[in-house]
Amino acid sequence: MTQATSSSSRPLRVSRAGSPLSGTLSVPGDKSISHRALMFSALAEGKTHITGLLEGEDVLRTADAMRALGAQIVREENGNWHVTGQGLGALTEPADVLDMGNSGTAARLLSGILASHGIMSVMTGDASLRRRPMKRVTDPLAGTGAVFLAREGGRLPLAIQGNASPAPLDYRLPVASAQVKSAVLLAGLNAEGETRVEEPVPTRDHTENMLRHFGATVQVEQTPEGGRVIRLQGRPKLTARDVVVPGDPSSAAFVVVAALLVPGSDVVIAGVGLNPLRTGLFTTLREMGARLNITNERIEGGEPVGDLHVRASSLQGVDVPADRAPSMIDEYPILAVAAGYATGVSRFRGVEELRVKESDRLASTVALLEQNGVHTKVDGDDLIVFGTAGAIPGGGLVETHMDHRLAMSASVLGLVAQQPVEIDDTAFIDTSFPGYFGLLNQLGAGFAA
């Protein structure tokens, strides 16, 4: 059994699982789609009904922010949400500071909306979010004519004087980032003319899908170099449309890897989003030898969905190409745990984006493994993990730096390590995966309440 220490920060001691994981479950709604559903419905005319919204802290912060900007947002007792939007360009100035908590996605996407409305706003977040750089978003958004005032490095708190008549942007991303791309597109919604974004490699396209869903005209074309150009026609009439949010593949990742590593496990995860720009982890795990099958494939709300059947597997080291990174950027910590348990050496190429996540996720992932006896090496922008062939020593203390994905990755490592693993804090896991420990316990993980 695992043991939790009574503390407001919720440390956790995780011991090796005593039995296989088995059963069927559903993971919470996709966080990326949930953020966007609230934002787009607030900008649309009419009432949008949202089913399956992730009710984690990050998404609830987005709901609060859109309410503060004039949208009417109501949660029903059955868990469905209704949003009555103001219409594009009609957001109202907030009476107070917008607190985005731990959510970098919400802060960056909302920056695009706020830059293109003629209102004054101030945005802040928790200690972790206030350390994260925003200049890679505010620099291109300044081209709309908006004015940004921030701390050194563009860090929060951030004051934004938006422009009611923003200029359309033509921007090439220096580094692939769905958040930066989305911020630019959101700013372009309220601009006359065409907004153009070029990304060096394809990143998750939930923003493009949802723009079309609400009535915007979006064109996407491939570049000869393998990237994409996205063109958005400004000032569309956005009309309320119902949204069904699929299960979050980034949340499912932790259950998938736990089931692969704990001997004898057999687990089904129902209703997971399978957008091809989000499923790089599943592709990589299969290359490692994972017994991971997809069944009951279907389309819901413009997004592909299916059920994942996962059985314990013997994994081999893998070489992950850099162009796959955008489709699995949030999953590298849990993939690193799988690589640490596998046989042979794994190399994850081109993971520089990890340095600007909730923590320096590259450094934090290295520390997670090294503290528990798994040897690693950072070679430029590549991470190399030397597998232990199923014999992770464990026994270390994991410092999570308020990073929910690092905390969940550490909990999975603890289920298969030879010695118990200490995690300094798990309180913020609910920001993205409410009820994580309870769901894993339904499968037999044995986490203490």
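In what order do the four strands of the open sheet lie? The order is S19-S20-S22-S21, and the pairing is mixed. Strands here are DSSP runs (E, at least two residues), helices are DSSP runs too (H or I, at least four), and both are numbered from the N terminus. Two strands pair if DSSP finds at least two bridges between them.

This is a predicted model, in which local features need pLDDT of at least 70, side-chain atom pairs count only at pLDDT 80 or more, and totals for chains, interfaces and linings use all residues. Residues are numbered from 1 along each chain as its sequence is written, and side-chain values use heavy atoms, without hydrogens and water.

Strand S19 (319-320) and strand S21 (376-379) each pair on one side only. Now look at S20 (residues 345-348) and S22 (residues 382-386). They run antiparallel, joined by four bridges. Val345 has Phe386 in S22 as its bridge partner.

Helices lie across this sheet. Helix H11 (residues 361-370) lies across S21 and S22, at about 160° to S21. Such angles run from 0 to 180 degrees between N-to-C directions, with axes fitted to C-alpha atoms, for helices over the stretch in contact. Contact means heavy atoms within 4.5 Å.

Next, turn to helix H1 (residues 31-43) and helix H3 (residues 104-115). Their axes are 11 Å apart, at an angle of about 20°. That makes H1 roughly parallel to H3 (angles under 35 degrees count as roughly parallel). His35, Arg36, Met39 and Leu43 in H1 meet Thr105, Ala106, Leu109, Leu110 and Ile113 in H3.

Notes
Angles under 35 degrees count as roughly parallel, over 145 as roughly antiparallel, 65 to 115 as roughly perpendicular and the rest as oblique.
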